Amino acid sequence: MNPIDKNLFSTMQACGLIAILRGVQPHEVVAIGHVLYDAGFRIIEVPLNSPQPLASIRALRDALPADCLVGAGTVLTPEACAEVAAAGGQIIVMPHSDPAVIRTARAAGMACAPGVATLTEAYAALAAGANMLKLFPAEALPPHVLKAWRAVITPPMALVPVGGIVPESIATYAAAGASGFGLGSALYRPGDSAGDVAAKAVAFVTAWHDSYSPAHGAHPNAATGPAA
């Protein structure tokens with residue numbers, strides 16, 4: 001198990017919420033990163049279709065403690081993985097499941113979360129070396145579908161719904177076997193201040209801890225590498 005895989009495992013166990021800062025700009029990203037970290041977030045991604053995303057990734061990596069993973073979302077090509085790595089990125093998040101991107105990310109020493117919407121895509125991603133599976137869009141993969149997936153993709157491999165997740169939906173997905181959540185516009189929209197994000201971040205972290213407390217019997221069951 002390499003260092004990034006160990007880091008991802010412990011991070012997801014503590015708080016499996018992934019902040020997606022689509023549209024964030026470099027001059028504001030550090031302040032937003034700090035309030036997310038203070039709220040309990042330990043994974044932050046900047047989608048590559050944001051303004052100057054590599055500058056934002058570098059700024060976050062330089063500003064935040066080492067126990068916070070920083071990376072890129074909307075990574076579409078193998079070539080982009082090298083650019084993200086050069087900017088200090090540690091995790092590649094994809095909307096799709098291109099094995100070439102997954103393999104390139106892993107060869108560069110980064111974690112990789114490809115987007116999947118079918119079990120066929122999921123197993124192809126695992127074979128390519130995916131660390132976790134991004135169930136995208138989550139609106140099309142409701143909790144009862146995730147529960148069915150869990151019968152064949154067992155813990156500790158992480159299943160992470162992304163798309164339309166709000167604090168109120170976390171408990172139902174947690175009960176179905178979700179390991180974490182990618183949070184987009186419900187957490188951050190372009191133009192939001194750090195204060196705006198802080199309030200929403202606290203609501204999500206509270207929902208996370210409520211849903212994964214021992215009293216609820218749910219566990220994140222994050223994974224750090226491909227399934228055997």
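Residues are numbered from 1 along each chain as its sequence is written, and side-chain values use heavy atoms, with hydrogens and water left out. Because the model is predicted, local features need pLDDT of at least 70 and side-chain atom pairs count only at pLDDT 80 or more, while totals for chains, interfaces and linings use all residues.

With a salt bridge taken as a side-chain nitrogen of Lys or Arg within 4 Å of a carboxyl oxygen of Asp or Glu, the count comes to three. Arg42 pairs with Asp67, their closest N and O atoms being 3.4 Å apart. This pair links distant parts of the chain, 25 residues apart, with Arg42 in the loop between helix H2 (26-39) and strand E2 (43-47) and Asp67 in the loop between helix H3 (53-63) and strand E3 (69-73); helices (H or I, at least four residues) and strands (E, at least two) are DSSP runs numbered from the N terminus. Arg42 is buried at 18% relative accessibility, whereas Asp67 is partly exposed at 35% (buried means under 20% relative accessible area, exposed over 50%, partly exposed in between, with a 1.4 Å probe and protein chains only).

Arg58 and Asp62 form a salt bridge at 3.1 Å, and both lie in helix H3, four residues apart, about one turn of the helix. Asp192 and Lys200 meet at 2.7 Å, N to O; Asp192 is buried at 14% and Lys200 is partly exposed at 25%.
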